[in-house]
Amino acid sequence: MPTYPVSLVLQDRAALVVGGGAVATRKVEGLLAAEAAVTVIAPEVTDALRALVDAGRCAWRAKAYDADDLRGTDIVFVATDDEDVNARAYRDASEAHLMVNVADRPELCTFFLPSVLRRGKLSIAVSTEGASPLTARRLRKELEERIPGGFEAYLDLLAAWRPRAIAALPDEAARYRFWQQATDGRVQRLVQAADEEAAEHLLEELLEGERTACATLL
Ligand SMILES: C[C@@]1(CC(=O)O)c2cc3[nH]c(cc4nc(cc5[nH]c(cc(n2)[C@H]1CCC(=O)O)[C@@](C)(CC(=O)O)[C@@H]5CCC(=O)O)C(CC(=O)O)=C4CCC(=O)O)c(CCC(=O)O)c3CC(=O)O
Ligand SMILES: NC(=O)C1=CN([C@@H]2O[C@H](COP(=O)(O)OP(=O)(O)OC[C@H]3O[C@@H](n4cnc5c(N)ncnc54)[C@H](O)[C@@H]3O)[C@@H](O)[C@H]2O)C=CC1
């Protein structure tokens with residue numbers, strides 16, 4: 001089945017997790033990393049989930065699933081050990097045009113979960129469209145080893161410079177040239193060497209260079 005990869009913005013969005021076992025717990029942890037507003041529906045939950053509920057990180061309705069639970073929800077994850085409940089939750093959610101994933105049941109999914117590596121603002125998602133989830137995991141682990149140290153801080157620095165570059169370089173072509181130089185490896189190496197000051201200084205120099213080039217052309 002061909003799929004279309006996206007990065008969902010779930011911050012403060014209502015994510016419903018039906019089921020409270022080991023599989024549901026993993027889904028909740030991933031959703032909390034995306035700062036979603038998570039509600040778990042399950043008669044019983046794992047200790048790890050209970051700890052998250054006690055810490056106020058997610059809500060729990062200690063009950064069996066019914067269609068009313070979908071009210072106000074943006075996205076649905078299903079992982080109970082009752083196949084009939086899983087199928088019913090899928091049917092209710094898809095009738096309501098909600099995005100729904102039933103763990104390990106591709107025919108009951110409007111989206112699949114990839115294997116995900118997170119490093120600060122970087123996320124790499126590997127999908128095999130269901131061919132082999134373990135292959136997706138293996139490849140993700142290989143990629144994990146290839147991300148250099150300091151990448152998190154490097155992306156944070158580039159993110160902080162985005163509004164600044166947009167304000168200072170109204171010309172799109174100049175901005176593009178600036179970003180090409182800002183990402184060519186020099187700034188990254190300075191951040192990796194923990195020399196944030198030199199990295200900032202180089203970015204300032206590059207920005208100034210493009211600003212001057214624009215001014216000369218005018
Ligand atoms: C289609 C999809 C739908 C979905 O669930 O979203 C799906 C379907 C199925 N999974 C099955 C089995 C296993 N899945 C895993 C693990 C993961 N499965 C994930 C995703 C997906 N699994 C979606 C496709 C993703 C893709 O291919 O890219 C990962 C990536 C993400 C996540 O789940 O969060 C996560 C690894 C995360 C990580 O570690 O990084 C393991 C390994 C383990 O559990 O240790 C096994 C046992 C070994 C094996 O069977 O390979 C079965 C057979 C069930 C049976 O035999 O009864 C089916 C159904 C079928 O194949 O028909
Ligand atoms: N544990 C694993 O690593 C794997 C699990 N699976 C499958 O994923 C599913 C879930 O697995 P686990 O989390 O291990 O199961 P589990 O048995 O640990 O948990 C099942 C959860 O579903 C809840 N539940 C049962 N009936 C419900 C209902 N009517 N409404 C709401 N919640 C209900 C239970 O309270 C419990 O919290 C199962 O179908 C299992 O076969 C598949 C592959 C691996």
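Student: What mean pLDDT does the chain have?
Tutor: The mean pLDDT is 96, and 100% of the residues reach 70 or more. Bear in mind that this is a predicted model.

Student: OK, the open sheet. What order do the 5 strands take?
Tutor: Reading across, the order is β3-β2-β1-β4-β5, and the pairing is parallel.

Student: Which strands are at the edges?
Tutor: β3, residues 59-61, and β5, residues 99-102. Each of these two pairs on one side only.

Student: How many degrees does the twist average?
Tutor: From one strand to the next, the twist averages 20°.

Student: Which helix packs on that sheet?
Tutor: Helix α3, residues 83-95, packs on the sheet and touches β4 (75-78) as well as β5. The direction of α3 makes about 165° with that of β5.

Student: Back to β1 and β2. Over how many bridges do they pair?
Tutor: Over 5 bridges, in the parallel sense. β1 covers residues 14-18 and β2 covers residues 37-41.

Student: What is the bridge partner of A14?
Tutor: A37, in β2.

Student: Where do side chains point in a regular strand?
Tutor: In general, they alternate between the two faces of the sheet.

Student: Switching to β6 and β7. Is their pairing parallel or antiparallel?
Tutor: Antiparallel, over 5 bridges, with β6 at residues 115-119 and β7 at residues 122-126. One of the bridges joins R118 to S123 in β7.

Student: How many residues are between those two strands?
Tutor: There are 2 residues between β6 and β7, which form a hairpin. In the turn, G120 has a positive phi of about 60°.

Student: Now ligand 2. How many residues surround it, and which are the closest?
Tutor: Ligand 2 is surrounded by 17 residues. The closest are G20, V23, E44, Y65 and D104.

Student: What does V23 put close to an oxygen atom of ligand 2?
Tutor: A backbone N or O atom, 2.9 Å away. E44 also has a backbone N or O atom there, 2.7 Å from an oxygen atom of ligand 2.

Student: And which atom of D81 lies 3.3 Å from a ligand 2 oxygen?
Tutor: For D81 it is a polar side-chain atom.

Student: What share of the accessible area of ligand 2 does the protein cover?
Tutor: The protein covers 64% of the 830 Å² that ligand 2 has on its own.

Methods:
Residues numbered from 1 in each chain as written. Chains lettered and ligands numbered in written order. Predicted model: local features only at pLDDT ≥ 70, side-chain atom pairs only at ≥ 80, totals over all residues. Heavy atoms only, no water. Pairing = 2+ DSSP bridges. Helix = DSSP H or I, 4+ residues; strand = E, 2+ residues; numbered from the N terminus. Axes fitted to C-alpha atoms, helices over the stretch in contact; angles between N-to-C directions. Contact = heavy atoms within 4.5 Å. pLDDT = per-residue confidence, 0-100. Near = heavy atom within 4 Å. Polar contact = N/O pair within 3.5 Å; in protein donor to acceptor, adjacent residues only side chain to side chain. Areas by Shrake-Rupley, 256 points an atom, 1.4 Å probe, with all protein chains shown as cover.
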